[in-house]
Amino acid sequence: MDEHIVVAGAGLAGLASAVWLAERGYRVTLLEKRGRLGGRTMSFDVAGLDEPLDNGPHLFAGCYDALLRYVDTIGTGDQLLWDAPPFAIRTGTDELLTLRGPDWWPLSLRRTLGLAWMAWPPIPVRDRPAVLRVWAALLRQAVRPDPALDEITVSRWFDRLRVPASFRELVLDQFVIGLLNEKPDRVSAYTFAQTLHFVSKRARGNARAGDAVWPRVSLHELFVAPAERYLAERGAVIRTGSGVDDVELDGDRITGVRLRDGELLAADAVVLAVPPWALTTLLDRGALGLHEHFAPARKIEAAPISSVYVWLDRPLGLRRYAENLRGTTIEWVFDTGRMQGTAPAGIDAAGPGHCYALAVSASWDVVHTPNAEFVAAALESLRANYPAMAEAEVLRTHVIHQPQATFSAQPGFETLRLAQRTPIDGLFLAGDWTDTELPSTMEAAAESAVRAVGEVTRYLAATPAPR
């Protein structure tokens, strides 16, 4: 095909868009304003470590059809570790609430009965009838989400449902935070309901829809480097350090993009695969700002994630690859060394250590905390839950704060999402924040690419050539 398509932004949405457009035979130019590809799914080198470090732990699920298709396209599907659903709540040193059921049970039975504790959790007996009533309400929303819920927060909705405080503290609040990276008193109840709907829809006919899928390699090796090779093999051009300054329009049709160095790059179609705060910068600069259609992007806010890698001289003894803590600063502990099946990266003058990634979602309370204070709180979280920490030597730590890790789906958020096709002929959007009906996840980014590529293909097929 002779059509030239520019993809601006090389995060996961941009990489997937470029890969699938190249797969269809289009001439593709992928632009990235920074000096590296990957966006918010990135790895970086750290002095003293033999292997690159991810910008925090990442998890995706067996129902992430678009993301699984992406890794299959670029040839890294075999670098994934499949595990049982990531329901593992550690309530102290001796108790872990997790899946039950022996391995010889059929998979579907193990997944169903293994979650029975969620319907009958270790909370006061007087609260248990209410728990069943709450689950019934959640299941109704999973079948048919009510758009009116976008007007209220999850906390307010839970108040209306009279959810027992014991159930919220043990299960639901952390469930919401983990899915949406936002606090229950800040996030839209409709976004939560939409997420339940998405999971239940994908679960039909897929016994492994709720399974955890862990990367066996760094995010760079899983998502980025293979995509670069795939694109190069198909003649695509990748340009880093090339940010888009403005778009070029002929009436209501796009003709190309102007780069920050003044170069004009002609294109038959353009995919802007950028986060909303980057799109806002483009709106402020030029032609797009004159179109009211894009104004909702200005109102989308970000939510943070904070994490700290800890290397120890001994294993902590996790029973699962990742365990969810209660009543501590740290919410999740990931056994990254065990996930990758190898010893963690080397430690200067200390030899290999056991590597763990500790994460806090919606980390409003700690994102601006000094590193030393955050590390101290993280280590105390480990001591409160893992007896091995009493004698463990901390070999090294590394803190990562991501103030703009995801979008913040506050009430009204669904009205701010923009479709992949825009009123400007030949201009398309991709990104987790666009209209995917999903929370801010890697799957949302990949799904937006699926939809954007479909729209580009339909547009070019319907547009006479040459134009």
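Student: In strand 13, which residue is the bridge partner of arginine 258?
Tutor: This is a predicted model. Strand 12 covers residues 253-259, and strand 13 covers residues 264-266. Three bridges join the two strands, which run antiparallel. Arginine 258 has its bridge partner in strand 13 at leucine 264.

Student: And which residue in strand 13 is the bridge partner of glycine 256?
Tutor: Strand 12 and strand 13 run antiparallel. The bridge partner of glycine 256 in strand 13 is alanine 266.

Student: What is the bridge partner of aspartate 246 in strand 12?
Tutor: Strand 11 spans residues 244-250 and runs antiparallel to strand 12, with six bridges between them. Aspartate 246 has its strand 12 partner at arginine 258.

Student: What is the order of the strands in the open sheet?
Tutor: The sheet has three strands with antiparallel pairing. Strand 11 and strand 13 are the edge strands, each pairing on one side only. The twist averages 30° from one strand to the next. The order is 11-12-13.

Student: Which glycine takes a positive phi in the hairpin of strand 12 and strand 13?
Tutor: In the hairpin of strand 11 and strand 12, with two residues between the strands, glycine 251 has a positive phi near 70°. The hairpin of strand 12 and strand 13 has four residues between the strands. There, the positive phi is near 95°, and the residue is glycine 262.

Student: How many residues of helix 13 are buried?
Tutor: Helix 13 runs over residues 442-462 and reaches 31 Å, close to the 30 Å expected. Buried means under 20% relative accessible area. Helix 13 is mostly covered, and of its 21 residues the buried count is 16.

Methods:
Residues are numbered from 1 along each chain as its sequence is written. This is a predicted model: local features need pLDDT of at least 70, side-chain atom pairs count only at pLDDT 80 or more; totals for chains, interfaces and linings use all residues. Side-chain values use heavy atoms; hydrogens and water are left out. Two strands pair if DSSP finds at least two bridges between them. The expected span of a helix is 1.5 Å times one less than its number of residues. Buried means under 20% relative accessible area, exposed over 50%, partly exposed in between (1.4 Å probe, protein chains only). Axes are lines fitted to C-alpha atoms, for helices over the stretch in contact, and angles run from 0 to 180 degrees between N-to-C directions.
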